[in-house]
Every structure is written in C-alpha cells, then in structure tokens.
Amino acid sequence: GTCSYFLIGFWYEKNSATNAAKKAFIVNRIGDVGLFIGIILIYRFFGTFELNQITTQATEILQNADIADSKYWVLTTIGILIFCGCIAKSAQFPLQIWLPDAMEGPTPVSALIQPPQW
C-alpha cells in the first residue's frame, strides 16, 4: 500500500495524482485489516502458526463437521479474511476501485502496477 501510494503519487503537484495515491493507500489498508484479523483468528483458533499443525487440525475439523457447525464457519471466515489482503493488492472485485486511478503515476510505474489486460 505504501509503495503504491508513493508510486502513484509521484507527480504530487497534480491533485488527481495525490487523490489517486490516497485512494490506493486506503483501499490497500482495508485489505490489510482483513488479512490481519484473519491472522489473529488463525492464532486464536489453532494456537499456532505452524502450517503442518494448522493443516492437520483444519482437515480433521472439515472431515468431522457439518455445515451447521461453528468451527466450519470460523474456518470459512479465516479463509475469506486472509483472501482480503490478496483482493486489495491485486485490485480484484470489490476492492478494484483504486486501479483505474493508478494511471496517474509515471508510465513505467503504471505498467508495473496494472495487471495485463489479455
């Protein structure tokens, strides 16, 4: 988010560039908050950050839980929150609103930020 802010807002004399940089920074912070809450939930729910233990526990929960079980929904929530960070930084729906404004930065920087349009 900070890198996007500085890259998009390179032409800081232009109001449109500074506004676009602020928008990119704020939207990326929204994704970061979701990612952070997801990480906190992982530790609270599993008690560890070791992937082998998390995978083992999650597999056991999913094999033994039905859709009405609260543990099933905690795992789903964790997955969605972790994905929020990816959604914001890669400008996927619904957090894609900053990407069109990213063109306010210098041309080479804009090419680095914007994904290819196939």
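Guide: The accessible surface of the protein comes to about 7900 Å², with 67% of that area belonging to carbon and sulfur atoms; such areas come from the Shrake-Rupley method with a 1.4 Å probe, and for residues only the protein chains shown count as cover. This is a predicted model, in which local features need pLDDT of at least 70 and side-chain atom pairs count only at pLDDT 80 or more, while totals for chains, interfaces and linings use all residues. Residues are numbered from 1 along each chain as its sequence is written, and side-chain values use heavy atoms, with hydrogens and water left out.

Visitor: What makes H2 and H3 roughly perpendicular to each other?

Guide: Helix H2 (residues 15-46) and helix H3 (residues 51-64) pack at an angle of about 75°, their axes being 11 Å apart. Angles under 35 degrees count as roughly parallel, over 145 as roughly antiparallel, 65 to 115 as roughly perpendicular and the rest as oblique, and H2 and H3 are therefore roughly perpendicular.

Visitor: Which residues of H2 and H3 make the contact?

Guide: On H2 they are Ile42, Phe45 and Phe46, and on H3 they are Ile54, Gln57, Ala58 and Ile61, where contact means heavy atoms within 4.5 Å. By class, the contact of H2 with H3 has six nonpolar residues, one polar and no charged.

Visitor: Why is the pair of Tyr5 and Phe25 called edge-to-face?

Guide: Rings of Phe, Tyr and Trp (its six-membered ring) pair if their centres lie within 6.5 Å, and planes under 30 degrees apart count as stacked, over 60 as edge-to-face and the rest as tilted. For Tyr5 and Phe25 the values are 5.8 Å centre to centre and 65° between the planes, which makes the aromatic pair edge-to-face. Tyr5 lies in helix H1 (residues 2-8) and Phe25 in helix H2, 20 residues apart.

Visitor: Why does Tyr5 count as partly exposed?

Guide: Buried means under 20% relative accessible area, exposed over 50%, and partly exposed in between (1.4 Å probe, protein chains only). Tyr5 has 32% relative accessibility and so counts as partly exposed; Phe25, with a relative accessible area of 30%, is partly exposed.

Visitor: Why is the pair of Tyr43 and Phe49 tilted?

Guide: The ring centres of Tyr43 and Phe49 are 5.1 Å apart and their planes are at 35°, so the pair is tilted. Tyr43 counts as partly exposed at 45% relative accessibility, whereas Phe49, with a relative accessible area of 51%, is exposed.

Notes
Axes are lines fitted to C-alpha atoms, for helices over the stretch in contact, and angles run from 0 to 180 degrees between N-to-C directions. Helices (H or I, at least four residues) and strands (E, at least two) are DSSP runs, numbered from the N terminus. Ala, Val, Leu, Ile, Met, Phe, Trp, Tyr, Cys and Pro count as nonpolar, Asp, Glu, Lys and Arg as charged, and the others, Gly among them, as polar.
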